[in-house]
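Student: I would like to learn how to read a protein model. Could you take me through it one feature at a time?

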Amino acid sequence: MTYRIEGLAPDAFRDLFALDDAALAALGARRVVADKAETYPCRVGLRWAEPGEALILLNHTHQPHPASPYRASGPIFVAERSGAPGRHEGALPRMIDERLVSLRAYDGDALIVDAEVAEGEEARAVLERFLARPEVAEVHIHFARRGCFAARAVRA
C-alpha cells in the first residue's frame with residue numbers, strides 16, 4: 001500500500017508571525033524559539049525546527065468534520081521558515097518515524113474505525129494495514145506521549 005503524508009498549508013499560518021505577543025495571546029497562540037534540536041516538530045515542513053528558529057504554538061483543528069463526534073483540535077508548532085509543505089511518499093517523516101505515535105484510522109464520515117500505538121517500522125506497518133482497508137479514508141498520526149496531532153496520511 002502506497003501512502004502520502006503532507007504537511008499543512010503554510011498560508012493558513014503565515015500572518016501569525018507578523019502579530020505581536022498580545023495579539024497571539026488573544027488567539028490562544030504564542031511565539032516560541034527552538035532552544036534545542038529535535039524538540040519542536042513543524043507541522044508544515046514535517047521536520048524538526050532548528051535551534052534558534054522561531055515558531056508559533058497554536059491550537060489547530062485537525063479533524064474538522066462538523067457532524068462527527070470525533071471533531072478534534074490540539075496544539076501544533078509551525079516554524080517561521082517553513083516553505084512548501086513537506087511531502088513524503090511511502091515513508092514516515094523522520095520527526096514521526098523516531099517517536100512513539102498513535103495512529104487513528106477514520107472513515108469517510110470522520111468516524112474512527114481503528115486505532116493503534118506504535119513506533120518506527122511497526123508504525124509504518126500499522127499505517128499500511130489501516131490504509132489497505134477500503135472503509136478507511138485517512139489516518140491521523142499523533143505523538144502518543146503528548147497527544148499532539150503530527151500529520152495526516154492518505155493513499156497515494
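**Reading the fold**

Tutor: Read along the sequence, the protein chain runs β-α-β-β-β-β-β-β-α-β-β-α-β-β. That pattern holds 3 helices and 11 strands. Helices (H or I, at least four residues) and strands (E, at least two) are DSSP runs, numbered from the N terminus. This is a predicted model, where local features need pLDDT of at least 70 and side-chain atom pairs count only at pLDDT 80 or more, while totals for chains, interfaces and linings use all residues. Residues are numbered from 1 along each chain as its sequence is written, and side-chain values use heavy atoms, with hydrogens and water left out.

Student: What radius of gyration does the protein chain have, and what would a compact globule have?

Tutor: The radius of gyration is taken over C-alpha atoms, and the globule rule is 2.2 Å times the number of residues to the power 0.38. For 156 residues the rule puts a compact globule near 15 Å, and the protein chain has 15 Å, which agrees. Along its principal axes the C-alpha trace spans about 45 × 35 × 25 Å.

Student: What percentage of the residues count as buried?

Tutor: Buried means under 20% relative accessible area, exposed over 50%, and partly exposed in between (1.4 Å probe, protein chains only). Of the 156 residues of the protein chain, 44% count as buried.

Student: How do I read contacts?

Tutor: Contact means heavy atoms within 4.5 Å. Among contacts between residues at least 6 apart in sequence, 60% join residues at least 24 apart. His60 is a case to look at: it lies in strand 5 (residues 54-63) and is buried, with a relative accessible area of 16%. Not counting residues up to four places away in sequence, His60 touches Leu8, Phe13, Ala72, Ser73, Gly74, Ile76 and Phe149.

Student: How many salt bridges does the structure hold?

Tutor: Side chains of opposite charge can pair when their charged atoms come close. A salt bridge is a side-chain nitrogen of Lys or Arg within 4 Å of a carboxyl oxygen of Asp or Glu. The structure holds 15 of them. One of these joins Glu6 to Arg87, with the closest N and O atoms 2.4 Å apart. Glu6 lies in strand 1 (residues 3-6) and Arg87 in strand 7 (residues 87-89), so this bridge ties together parts that are 81 residues apart in sequence. Glu6 is partly exposed, at 35% relative accessibility.

Student: Which residue forms a salt bridge with Arg31?

Tutor: Asp21 does, and the closest N and O atoms are 3.4 Å apart. Arg31 is in strand 2 (residues 30-33) and Asp21 in helix 1 (residues 21-26), 10 residues apart. Arg31 counts as partly exposed at 30% relative accessibility, whereas Asp21 is exposed, with a relative accessible area of 51%.

Student: Is Glu53 buried or exposed?

Tutor: Glu53 counts as buried, at 1% relative accessibility. Glu53 forms a salt bridge with Arg47, the closest N and O atoms being 2.6 Å apart. Arg47 is partly exposed, with a relative accessible area of 26%. Elsewhere, salt bridges that share partners join Arg4, Glu6, Arg87 and Glu89 into one network.

Student: Which side chain of opposite charge is nearest to Asp107?

Tutor: For this question, Lys and Arg count as positive and Asp and Glu as negative; His and the chain ends are not counted. The nearest to Asp107 is Arg133, 9.1 Å away; Asp107 is buried yet has no salt bridge. Asp107 sits in the loop between strand 8 and strand 9 (112-119). Leaving aside neighbours within four places in sequence, Asp107 is in contact with Val113, Glu135 and Ala137.

Student: How many aromatic pairs are there?

Tutor: Rings of Phe, Tyr and Trp (its six-membered ring) pair if their centres lie within 6.5 Å; planes under 30 degrees apart count as stacked, over 60 as edge-to-face and the rest as tilted. The structure holds 2 aromatic pairs. The rings of Tyr40 and Phe77 have centres 5.2 Å apart and planes at 80°, so this pair is edge-to-face. Tyr40 is buried at 13% relative accessible area, and Phe77 is buried at 16%. Tyr70 and Tyr106 also form an edge-to-face pair, 6.5 Å centre to centre with 75° between the planes.
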